[in-house]
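Here is a short report on one structure with the features to look for on screen. Keep the sequence and the 3D view open as you read.

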Amino acid sequence: MDLSTINPALLVASLMISATPILLAALGETIVEKSGVLNLGVEGMMIIGAVVGLFSSIHFSNPYLGFVFAAIFASIFSGIFGIMVLYFKSNQVATGLGLTLVGLGLSSLIGEFLGSQKTELLEPVYFPFLSDLKFIGPMFFNHDILLYFSILLTLILYIFLKFSRAGMILRAVGENHDAAHALGYNVQLVRMLAIMFGGACSGLGGAYISLVRVPQWTDGLTAGTGWIALAIVVFSNWNASKVILGAYLFGGITVLQLNLQAAGVKIPVEVLSMSPYLVTICVLVFISVNGKNSSPGSLGKTFHI
Amino acid sequence: MKIRKLFSATIASLALGLSTSFAADTKVGFVYVGPINDGGWTQIHHENALVMKEYFGDQVEMVYQENVPEGADSERVMTQMALSGADLIFTTSYGYMDPTINVAKKFPGVKFEHATGFKRSENVSTYSARFYEGRAIQGHIAGRMTKSNIIGYIASVPIPEVVRGINSAYIHAKKVNPDVEFKIIWIYTWLDPAKEADAATALIEQGADVILQHTDTTAPHAAAAKAGNVITFGQAADMADFGPKPRVSSIIDDWAPYYIARTQAVIDGSWESVDTWHGIGDQMVGIGEISSAVPVDVKIEALALKFRLASGDYHPFTGPLKKQDGSAWLGDGEVANDGDLAGMFFYVEGINGDIPQ
């Protein structure tokens with residue numbers, strides 16, 4: 001065992017990359033669920049984002065446009081779910097699962113055209129002075145713009161949900177849709193916007209896998225990341241600040257356990273492999289156990305006018 | 001109602017994506033663990049299956065099912081294939097071993113061929129390739145080319161097949177470079193591009209400048225390309241898109257002659273349960289072009305090694321070799337027998353870490 005082979009700066013940098021797709025998708029889903037809609041199609045929206053992102057990045061030779069198109073298409077894709085559950089009153093659980101299945105199939109179809117083409121990579125953002133710092137520089141100040149965006153988004157959504165009027169309307173709709181309706185809010189519109197925002201976030205998360213983390217296309221690229229994001233939303237008690245903690249814990253331990261294996265630490269590999277799931281759940285349950293359960297009251301219920 | 005229809009149609013189209021064509025005399029089924037465009041293991045099985053189909057033309061009907069999880073799901077898929085009239089079914093992943101045996105019991109008239117396993121019955125054959133011969137060549141090139149003397153190995157599932165590959169690569173890297181060290185990561189899956197890329201990145205960050213993989217996708221190559229100055233090897237398929245660097249060579253599986261021979265045997269009625277284990281000599285294991293990124297002298301040594309392996313002149317597991325715990329395994333000049341190789345579940349001396357049980 002030789003822990004000195006693990007470079008902490010590189011480790012932290014990798015864990016941030018590994019956590020970002022989960023963070024983006026989980027933030028989006030938090031907003032969706034806060035509006036009272038349970039969208040189990042995160043995995044499907046992510047993989048649509050992944051394939052569309054890579055496709056447009058290659059097509060336009062511009063990874064930034066890849067992210068833009070990933071967000072737009074995943075958002076439109078989630079709009080299908082929105083129309084079905086909001087206007088045709090379909091069952092949210094079944095429709096969400098359907099969205100995942102369609103997403104997986106559709107992405108594999110689009111992926112046929114991609115083959116093993118390669119994309120250009122995102123340039124790291126350069127912070128004057130900060131990026132040149134020893135140790136801290138490569139750790140925190142040598143990432144791509146999307147990673148910083150995801151952290152900023154966490155902050156914005158935290159403030160949005162807690163302090164803004166629009167955030168309160170969103171929460172009201174999720175908490176008790178009949179009361180919100182009686183107050184004159186357009187429940188369906190609010191929910192539709194939330195769903196499409198969630199779709200865009202998931203799309204960005206998926207594109208982050210295909211454009212940054214892997215970067216290439218393979219069928220089933222997201223490999224369950226969407227489900228992890230869904231779980232993190234629940235365990236973090238629908239709280240954006242805990243979502244980022246959950247995503248970084250999960251992403252962090254995933255990368256850490258790989259590094260510990262490579263360093264030859266004397267912990268059974270089986271234990272290391274399950275550690276990301278175990279630790280994330282334990283920590284989030286532990287910090288949420290004393291707070292009030294803030295599961296939105298109307299979550300998963302169909303709204304009838 | 002609409003939703004339910006859509007939902008069930010989606011499931012049906014996903015679950016039963018079997019390609020069917022006109023009725024032919026013989027129907028051959030293939031069960032794949034990954035997607036047919038994974039760029040590796042499954043893709044090469046599928047391409048070889050298509051070669052078989054092309055060879056027989058209308059005489060043979062081919063059906064396949066991709067992305068079949070190992071376990072109960074695979075039993076359902078095999079049963080479905082057998083029920084729909086398949087005469088011969090190839091199950092192409094280690095984890096299909098027990099399901100294949102179970103389903104074969106229920107359909108004594110159908111012949112089964114299980115890849116990389118060791119359980120056979122009246123109507124179940126096994127076939128595999130001596131990938132460890134290719135691993136010897138990889139180990140040689142890796143040992144000669146590494147500058148950091150750290151070689152990263154992405155291991156998939158702890159089964160003898162994978163352990164054999166690690167040992168063979170290590171023995172031959174060590175032979176040409178006594179300072180070499182292997183860092184091994186088990187990711188417990190055959191394919192998960194994000195995890196494979198993360199594992200490759202973790203190994204590279206810990207100093208590895210050679211990445212060997214026993215997983216199915218090209219994600220480790222993409223990670224290596226991103227990191228720069230790291231070399232990789234194609235696994236199962238040539239993965240030539242990543243050449244000349246990072247991918248410097250590859251192990252290519254060539255199942256087509258076997259698929260043709262076995263299908264012919266079913267057509268002729270001469271099919272028997274057999275255990276096939278072919279290597280470079282029988283051309284079931286191919287070595288992909290050694291790229292221009294490899295120094296000429298290393299390339300020549302590697303090719304010489306390939307010919308010695310092909311002719312049977314040299315066996316990758318030739319003594320003296322000790323097990324990891326220092327106990328004796330093979331005496332001077334002694335060669336490992338197939339039984340030992342098939343059940344190999346120990347590291348050879350010099351490798352650090354434990355094999356997950």
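## Where the chains meet

There is 1 salt bridge between chain B and chain A. This is a predicted model. The bridge joins the side chains of B:Asp198 and A:Arg213, at 2.4 Å from N to O. A further count covers polar contacts: 9 residue pairs between chain B and chain A, with both residues at pLDDT 80 or more.

Which elements of chain B give two or more residues to the side that touches chain A? They are helix H1 (2–15), strand S7 (181–186), helix H7 (193–205) and helix H8 (219–227). H7(B) gives the largest share, 10 residues. By class, this side of chain B has 22 nonpolar, 7 polar and 9 charged residues.

Now take the interface as a whole. On chain B, 38 residues are in contact with 39 residues of chain A. About 3,300 Å² is buried between chain B and chain A. Carbon and sulfur atoms give 59% of that area.

## A pocket lined by both chains

Next, look at the second largest pocket. Its space is about 720 Å³. The lining has 23 residues, and the closest to the pocket centre are A:Ile17, A:Asn142, B:Thr201, B:Glu205 and B:Lys226.

Which element gives the largest share of the lining? H1(A) does, with 5 residues. The lining of this pocket divides into 13 nonpolar, 5 polar and 5 charged residues.

## Enclosed cavities

How many cavities of 30 Å³ or more does a search of the whole structure find? The search finds 3. The largest cavity holds about 120 Å³ of space. Its lining has 13 residues, and B:Trp41, B:Thr116, B:Glu161, B:Trp190 and B:His214 are the closest to its centre. The lining of the largest cavity has 6 nonpolar, 5 polar and 2 charged residues.

## Salt bridges over all chains

Over all chains, the structure holds 13 salt bridges. One of them is formed by the side chains of B:Arg262 and B:Glu113, at 2.6 Å from N to O. Why does this pair tie together parts that are apart in sequence? B:Arg262 lies in helix H9 (residues 256–268) of chain B and B:Glu113 lies in strand S4 (residues 111–115) of chain B, so the pair links parts that are 149 residues apart in sequence.

## Backbone details in chain B

| Cis peptide bond | Omega |
|---|---|
| B:Gly243 to B:Pro244 | about -5 degrees |
| B:Gly319 to B:Pro320 | near 5 degrees |

Where do the prolines lie? B:Pro244 is in the loop between strand S9 (231–236) and strand S10 (247–253) of chain B. B:Pro320 is in the loop between helix H10 (296–311) and strand S13 (321–322) of chain B.

One more backbone angle deserves a look. B:Asn229 has phi near 45 degrees, a positive value in a residue other than glycine. B:Asn229 lies in the loop between H8 and S9 of chain B.

Technical notes
Residues are numbered from 1 along each chain as its sequence is written. Chains are lettered from A and ligands numbered from 1 in the order in which they are written. This is a predicted model: local features need pLDDT of at least 70, side-chain atom pairs count only at pLDDT 80 or more; totals for chains, interfaces and linings use all residues. Side-chain values use heavy atoms; hydrogens and water are left out. Contact means heavy atoms within 4.5 Å. Buried area is the accessible area (1.4 Å probe) that two parts lose on being put together, summed over both. A salt bridge is a side-chain nitrogen of Lys or Arg within 4 Å of a carboxyl oxygen of Asp or Glu. A polar contact is a pair of N or O atoms within 3.5 Å; within protein, one must be able to donate a hydrogen and the other to accept it, and residues adjacent in sequence count only if both atoms are side-chain atoms. Helices (H or I, at least four residues) and strands (E, at least two) are DSSP runs, numbered from the N terminus. Ala, Val, Leu, Ile, Met, Phe, Trp, Tyr, Cys and Pro count as nonpolar, Asp, Glu, Lys and Arg as charged, and the others, Gly among them, as polar. On a 1 Å grid over the protein atoms alone, a cavity is a set of points where a 1.4 Å probe fits but cannot get out, and a pocket is an open set with protein on both sides within 12 Å along at least five of seven lines; lining residues have an atom within 4 Å of a point. Grid points are joined across faces, edges and corners, and a volume is the space filled by probe spheres set on the points.
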